[in-house]
Amino acid sequence: MNDNSRAIRVHTRHADLTLEEIADGLAGTGEVMASVSHCFGTAWHAGAAGKWDLAGYYIRRVRGSMRTLAVRRPKYAGQLEEFLRDGLEPLLRAIARQDEPEFKERYAACVAMANRYHVDTGHPYIEWTSPAASPERGLGLP
């Protein structure tokens with residue numbers, strides 16, 4: 001039995017919450033990965049359209065979300081670190097050089113890595129692809 005009578009409580013404008021209650025309110029893996037997928041797909045269309053600054057912005061958002069997820073879900077930290085190092089960082093370098101062929105190659109490598117991780121973690125039904133249309137509307141992307 002958990003004795004929360006001595007649990008640290010944090011005062012918010014809505015309630016006094018325990019750290020456990022705050023942690024339970026954080027976005028889970030599914031929510032974080034939905035955001036990652038949205039940003040990753042948008043980066044694909046930005047790069048394909050030659051909007052390199054926008055592509056870099058969305059890939060940096062992916063990187064930030066994955067760093068946060070590695071803290072929240074340490075069981076995935078090794079895979080996330082590998083993906084960041086071997087997938088996203090080379091992709092970001094291709095974006096910085098505005099190298100479209102390398103961008104497409106690195107993007108495809110990231111997709112393959114993500115799909116392998118999904119299989120390895122028991123989620124083979126989650127399969128990344130390059131989206132046919134940009135998930136982000138209103139940016140003038142195809």
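The model is predicted. Its chain holds five helices and two strands, and their order along the sequence is β-β-α-α-α-α-α. The radius of gyration is 18 Å, well over the 14 Å that the globule rule gives for 142 residues, so the chain is more spread out than a compact globule.

**Overall shape**

- Along its principal axes, the C-alpha trace spans about 60 × 35 × 25 Å.
- Of the 142 residues in the chain, 34% count as buried.
- Take the contacts between residues at least 6 apart in sequence: 60% of these join residues at least 24 apart.

**Helix α4**

- Helix α4 covers residues 77–96 and bends at Leu84 by about 35 degrees.
- Its buried residues include Ala77, Leu80, Phe83, Leu84 and Gly87.
- The partners against which the buried residues of α4 pack are α2 (29–48), α3 (52–72) and α5 (100–120).

**Helix α5**

- Helix α5 has 21 residues, which at 1.5 Å a residue should span 30 Å; the end C-alpha atoms are 30 Å apart, so the two values agree.
- At the start of α5, the backbone nitrogen of Glu102 has a side-chain oxygen of Asp99 within 3.0 Å.
- Glu102 is itself one of the buried residues of α5. Others among them are Phe103, Tyr107, Cys110, Val111 and Met113.
- Ala114, Asn115, Tyr117 and His118 are buried in α5 as well.
- The cover over the buried residues of α5 includes α2, α3 and α4.
- After α5 comes Gly122, with a positive phi near 85 degrees.

- Thr42 is part of helix α2 and counts as buried, because its relative accessibility is 0%, under the 20% limit.
- Apart from neighbours within four places in sequence, Thr42 is in contact with Tyr58, Ser134, Pro135, Glu136, Leu139 and Leu141.
- Leu88 is part of helix α4. Its relative accessible area is 0%, so Leu88 is buried.
- Apart from neighbours within four places in sequence, Leu88 touches Phe40, Ile59, Val62, Arg63, Met66, Phe83 and Cys110.
- From Leu88 to Pro142 the separation is 54 residues in sequence and 22 Å in space, C-alpha to C-alpha.

**Cysteines**

- A disulfide is a covalent bond between the sulfur atoms of two cysteines.
- How many disulfides does the count come to? The count is zero.
- Cys39 is in no disulfide, because its nearest cysteine sulfur, that of Cys110, is 14 Å away, whereas a disulfide needs the two sulfurs within 2.5 Å.
- Cys110 is likewise in no disulfide, and the nearest cysteine sulfur to it is that of Cys39, 14 Å away.
- Are these two cysteines buried or exposed? Cys39 is buried, with a relative accessible area of 2%. Cys110 is buried too, with a relative accessible area of 0%.

Key. Residues are numbered from 1 along each chain as its sequence is written. This is a predicted model: local features need pLDDT of at least 70, side-chain atom pairs count only at pLDDT 80 or more; totals for chains, interfaces and linings use all residues. Side-chain values use heavy atoms; hydrogens and water are left out. Buried means under 20% relative accessible area, exposed over 50%, partly exposed in between (1.4 Å probe, protein chains only). The bend at a residue is the angle between axes fitted to the seven residues ending there and the seven starting there. Helices (H or I, at least four residues) and strands (E, at least two) are DSSP runs, numbered from the N terminus. Contact means heavy atoms within 4.5 Å. The expected span of a helix is 1.5 Å times one less than its number of residues. A polar contact is a pair of N or O atoms within 3.5 Å; within protein, one must be able to donate a hydrogen and the other to accept it, and residues adjacent in sequence count only if both atoms are side-chain atoms. The radius of gyration is taken over C-alpha atoms; the globule rule is 2.2 Å times the number of residues to the power 0.38.
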